[in-house]
Amino acid sequence: MSLSFFIPKAIGFNWCIALWILCDLTQAQQPTASDSPTPVKASNQIIIDGAILKTVEVTSIAAQVPGLLNSVSVREGDRVKVSSPLAAIQSTTTELQLQRAKVAMDVAQKNFESTIDTDLAQKNFAVAENEFVQAIEANKRVQDVYPPMEVDRLKLVRDRAKLEIDRTVHAKDIAKLEMSKIQIEHQQLADLLDKHQVRAPVSGMVVAVEKRIGEWVEAGTVVLRLVEIDRLRIEGFMQAEQADPKWLDCEAQVELLLSGKPIRTTAKLVFISPEVNPINSQVRVYLDVDNRDGKLRPGLRPKVWIPNNP
C-alpha cells in the first residue's frame, strides 16, 4: 500500500481534533447563569482605618515663683477641676508684705477721707474775710479808722486763707493718687501671694507629680502634669476619595470592647488633613469624643465609621 493513501487520512484526523478543541473552548467562554458575577452592594459607611484614642491636651503645670514646696494636695490618678489647688509654695514673707501694704492702704484711705484740713482752712478764710470786710466798711463810715497798711495786712491774711483752701484741695488730690498707688501695690502683692498656690488650669487627671514636699523649685519648674480626659481625640485614616469637607462636624459611630463589654458612643469629625499619603491614598482625620463619664481611655483602638446616608 502506497504512502499517499495514509497522508490525507492523517491530515483529516488532525483537523477533526482541532475543531473539537475549538468548540470546547468556545462553550467554556460563554457565560452561564451560575458563572455570572454577583453585583456588589455599595457600602453605606465610611470606615476610619487605624483609629486610636489619644489625649487632646497634656498640661505641664509649672511653679510661677521660686520657693520651698510647702504642700502637695494631689497624687497620681486624682481627677481635678479648673482652679483646684494642687500644691503650695512657702509664702511667709509675701504674706507679711501684704499685711504691711494693707495697713498702708488703710492709712492712705483715712487721710484721703479726712476733711479736717479743708474745714479748718475754710473757717480761717471766713474769719479773715470778715475782718477785711469790716475794715473796709469802717473806713467808708469814718475815714482812716484802719490805716492803709492794716487794710493791706488784712487783705493779705484773707488771700493767704483762700490759698490755704486751694492747698488742702490739692493735698486731697495727692492723697487720692497716693491711695491708688498703695492699692495697686497691695493688689500686686495679693497676686504674688496667689502665685504661691499651684492651681489646675484645666480639668483633667493628674498623671505625674514631678516635685515633692520640701524640694526647692524655681519659677518655670514643672511640678505636676495633667491630662484632659473629659474630651479625647480619635486619630485615624480615611480614603482620599471619601475625604469630602462636607463630613466635617458630622457624627461618627464609635464601638470598642472594654473589659469584655461592648461600648458604643459617638464622635465628631473635626479635622481632615489636606495631605494624601502617596502609598495608600489615605488622609489623616481627627475626631473628638466626649468622655465626661470617664469610660474611655487613651490607647484603646475602637472601630469608627461614618454613616454615609445619601
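**Stop 1: a charged pair**

Select Arg199, which is partly exposed, with a relative accessibility of 33%; buried means under 20% relative accessible area, exposed over 50%, and partly exposed in between (1.4 Å probe, protein chains only). This is a predicted model: local features need pLDDT of at least 70, side-chain atom pairs count only at pLDDT 80 or more, and totals for chains, interfaces and linings use all residues. Residues are numbered from 1 along each chain as its sequence is written, and side-chain values use heavy atoms, with hydrogens and water left out.

A salt bridge is a side-chain nitrogen of Lys or Arg within 4 Å of a carboxyl oxygen of Asp or Glu. Asp194 is partly exposed, at 38% relative accessibility.

**Stop 2: further salt bridges**

Select Asp288 and Arg231, whose closest N and O atoms are 3.1 Å apart in a salt bridge. The two are 57 residues apart, Asp288 in strand β13 and Arg231 in strand β10. Helices (H or I, at least four residues) and strands (E, at least two) are DSSP runs, numbered from the N terminus. Is Asp288 buried or exposed? Asp288 counts as buried at 16%, whereas Arg231 is partly exposed at 29%.

Next, select Arg167 and Glu164, which meet in a salt bridge of 2.6 Å, N to O. Both lie in helix α4 (residues 148-194), three residues apart, about one turn of the helix.

**Stop 3: the open sheet**

Show strands β6, β5, β3 and β8, which form an open antiparallel sheet in that order. Its edge strands, β6 (197-199) and β8 (216-217), each pair on one side only. Two strands pair if DSSP finds at least two bridges between them; β5 (residues 85-89) and β6 have three. Within this pairing, Ala88 stands opposite Gln197 in β6.

**Stop 4: the nonpolar core**

Which residues have the most contacts inside the largest nonpolar core? They are Ile48, Ile234, Val285, Leu287 and Val304, in a core of 23 residues. A nonpolar core is a set of buried Ala, Val, Leu, Ile, Met, Phe, Trp, Tyr and Cys residues joined through side-chain atoms within 4.5 Å. Finally, select residues of another core, of 17 residues, lying apart from that one, including Val65, Val80, Val209 and Leu224.
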